[in-house]
Amino acid sequence: MTPLKTVGHATHRIDALQRVTGGAKYTSDVHLPGMLYARVLRSPHPHARIRKIDLSKAMALPGVKAILTHENCDTTWSSGDQLGQRRLFNNPVRFAGDPVAAIAAVDRHVAEDATHLIEVDYEVLPFLTDLEEALKPGAVAIHEGGNLSLNNQRQPAPQTYKRGNVADGLKAADRVFEDNFTSAHHNNAQLEMRVSVAEWSGDKLTVHAATQGIANCRTDIARDLKISEDNVRVISEYMGGGFGNKNQCQDSDLMAAMLAKQAGAPVKLEFTRKEDFVAVHGRWSSRQSYKVGVKNDGTLTAIQMTALTGAGAYRKGSCDLSGTEIYQVPNLETSVSPVYTNTAVAANYRAPAYPQSVFGIESLMDDVAYALKMDPMEFRLKNMTRKFRDQTPYTSIGLEDCIRKGAEKFEWKKRWNPVPGSGAGPVKRGAGMAMGMFGSGLGRSSAVVRLDGQGQYYVHVGVTDVGTAAKTTMGLIAAEELGIPLEKVKVVWGDTDTCPYSVGESGSRTTVQTGMAVIEAVRDLKKQIAEKGAPKGNEILTAMATTNPPQLQGQSRNSFAAHFAEVEVNVETGHAIVTRFVSAHDSGRVVNPLTAQSQVQGGASQGIGMALHEELLYDKRSGLPLNAGYYGARIMTHLDAPLVDVVWVETDEPYGPFGAKTLGEPTIIPTVAAVANAIYNAIGRRVKSLPITRDKILGVLA
Amino acid sequence: MKKISRRRFVEGTSVGIVAVAAIPEIKAQEKPASTLPRVPRTAIRINVNGVDHRVDVEDRWTLVELLRDHLELTGTKIGCDRGECGACTVLVDGTPLYSCSQLAVWMNGRSIQTVEGLAKNGKLDPLQEAFIEHDAPQCGYCTSGQLMIAKALLMKNARPTRDEVRTAMTGNLCRCSNYNHYVEAVMAASGSTPSTGGGNAA
């Protein structure tokens, strides 16, 4: 791979100074003259019909300016449910936390006081918290049509994939393995809570939103409020994390806009931390059942997976599971059924369909390898994917190098126990690994590049930068293509009035898709400069590009990773800690090794939390969340996080900006399984349910 | 909370916030124009980043509310508002505290340092320099709190070990989970060892 001048060199974020001085303006820092504050009243019941809402006492509270309920607002929140089943205020309410009213008042204390003065008469309905219970005959239907949600083709059937014939594959196997795995609902838990500030000026609505995609957010707001997109401006200059739960527009954006309209004043709507845990969304839980057929030499003949996934009360995400694609196998069948329960909604969290699913398949494949007396690493090298779905060649694949180089850095041969659980104890050490992959498709995005008479370059991109350093990445790509230092490029971002469409910062698409748009715009600018000469004085040259990416016919573009974990497990207390971790990644060319390292280390750390302790628990008797918050849900802390060594496998990738592939989401995909497999290697027993908490470790040891 | 600018205060509004070298008498409480219920207020003196303020605070305001909504110091963030995440960490007479869990009225006579007070005379604190150098902030929302807790640590312990840094900072969550780079940056700012990052020892 040819070294480049700017891309590929560790570079500080262009907005780092703002981030370390308190100067970065996040949505919650926006204050508008005359601004009201809003709070949401939420259902205390997991499932109930609202008979009557009495607002009289709340409206009589001095300082209360506007109240929305299902009675005066029937707006559909379209990105809150893919099937269009969700309004801003629903009746019946379908989970503890479903919004019942939103109140705008002169300050947040008055707004909060008013929530306590609203009297709601509920008819409490039977509720469900368990996936299997929800599918039993006679179970209360959470939505019309029952509790089995539609598949992604909107048919009342599971989401399926099939190649070959699993029955034949299992017949051809020397040994067949079967097992079940479960994973919990766990929260994105980004530090910045949901917040929206809305202001009307005549017909024109400005929303300061905490969003991962200003363009998508604007489209969604316009659609749901039934106004022209030209009349909506979305601003998000700094954003305090989302990991998938700030995609598109949020109900808070719509509520703030409608309250502002009703009150005739700007409104800031803030969610609390508890609301963020129960009323936004987390990763869908799962129950996975597998059958795997294998020859005695370790060759896979068949994989079958059937699974239920927990959609929660609405269908906000795909609720799919995608782990099996990392294996080469001629016969594969998967069937995933999203199920409604009266619990928190599930949707995107960093690689939404992967880490829980990879946990299942990689745990089972580990067991297969041990049963065949194979080194799990050798087993994976033998059976890893070589073509997408065994038929489509990858544009580039560095998975084998990820495994080999990661293993070398990790010292796999030295750290892995050939006999699991053979340590002396009580603190036993073990090593595990797992692999993962993620799509890195090309897609449409836009950019504008300007050069003024003073020699200043401007790059306009519709990114908000969710923490990935997207602004800096776009600057680096422009500088490289222009052949100038980064300092000469000013990046303009975060405002739909000044930035063209950019694909949302979800699906790890920004570097590849908006990056290509920047390159194409720069090429056009360079052409203009060559034709017309550089602008002088008040002159200005502007170039814009909306990419029309090539169809990768007969090829698949993916990123790959292999993770390695070492754990220490105290078999007397069940306490497990990760003592060493290596993440090896093929994301093509790494645009900025400094910020990319942050991504990889952070993704691994999140995955370790998911593996060992994070989950949102419900009380089955009351249907209420038990531990909504940072302490209760046991979110990763400084003391939980091991040092993560990062190994780059920079494949020579023909497509994308300078050969860059997707990075942000793959960083969490193999982590959970690697930790689970390390625990097995340490104690010789398999915990088949996430998170692998102390009680479960002690349980399998008992 | 209705925010009142200093200028509007001086022009005679009812909410008293002022930042001046010589502390003026607190203005008599005027009757608010609306019929808002009267909320108990207390006059406090508070020094924030070296500037004295006399503020007529509502008794229910938290310190972070006072800083963000009334003193226009929005660098301090609210991540949970319930003492769990550390995003709102400030120094109160040099001691790191969660400003969401302190009432503003308790701050009478105290000196507060926030992220806005770290840089001196236009020169960044070594911690801020190291945070930039080591890419400590990802989304940046927890960063002010991480800086303040690290500042408190280095004031007490100029040469901490990695584990001392991790222990001191463990009440400050980073969901981007950039814990390695945060520890690396604090170690670099303290100049104590080559930067090898955080993490459980292998």
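Helices (H or I, at least four residues) and strands (E, at least two) are DSSP runs, numbered from the N terminus. The model is predicted: local features need pLDDT of at least 70, side-chain atom pairs count only at pLDDT 80 or more, and totals for chains, interfaces and linings use all residues. Residues are numbered from 1 along each chain as its sequence is written, and side-chain values use heavy atoms, leaving out hydrogens and water.

**View 1. The fold of chain B.** Chain B holds six helices and six strands. Along the sequence they run α-β-β-β-α-β-β-β-α-α-α-α.

**View 2. Where chain B meets chain A.** Here 67 residues of chain B are in contact (heavy atoms within 4.5 Å) with 69 residues of chain A. The two chains bury about 5,300 Å² between them, 54% of it on carbon and sulfur atoms. That buried area is the accessible area (1.4 Å probe) lost on putting the two parts together, summed over both.

**View 3. A salt bridge across the interface.** B:E65 and A:R108 join their side chains in a salt bridge, at 3.4 Å, N to O. The term needs a side-chain nitrogen of Lys or Arg within 4 Å of a carboxyl oxygen of Asp or Glu. Between chain B and chain A the count is eight salt bridges.

**View 4. Helices on the side of chain B that touches chain A.** α2 (63-70), α3 (126-133), α4 (143-156), α5 (162-168) and α6 (179-190) of chain B each supply at least two residues to this side. α6(B) gives the most, with five residues.

Technical notes: Chains are lettered from A and ligands numbered from 1 in the order in which they are written.
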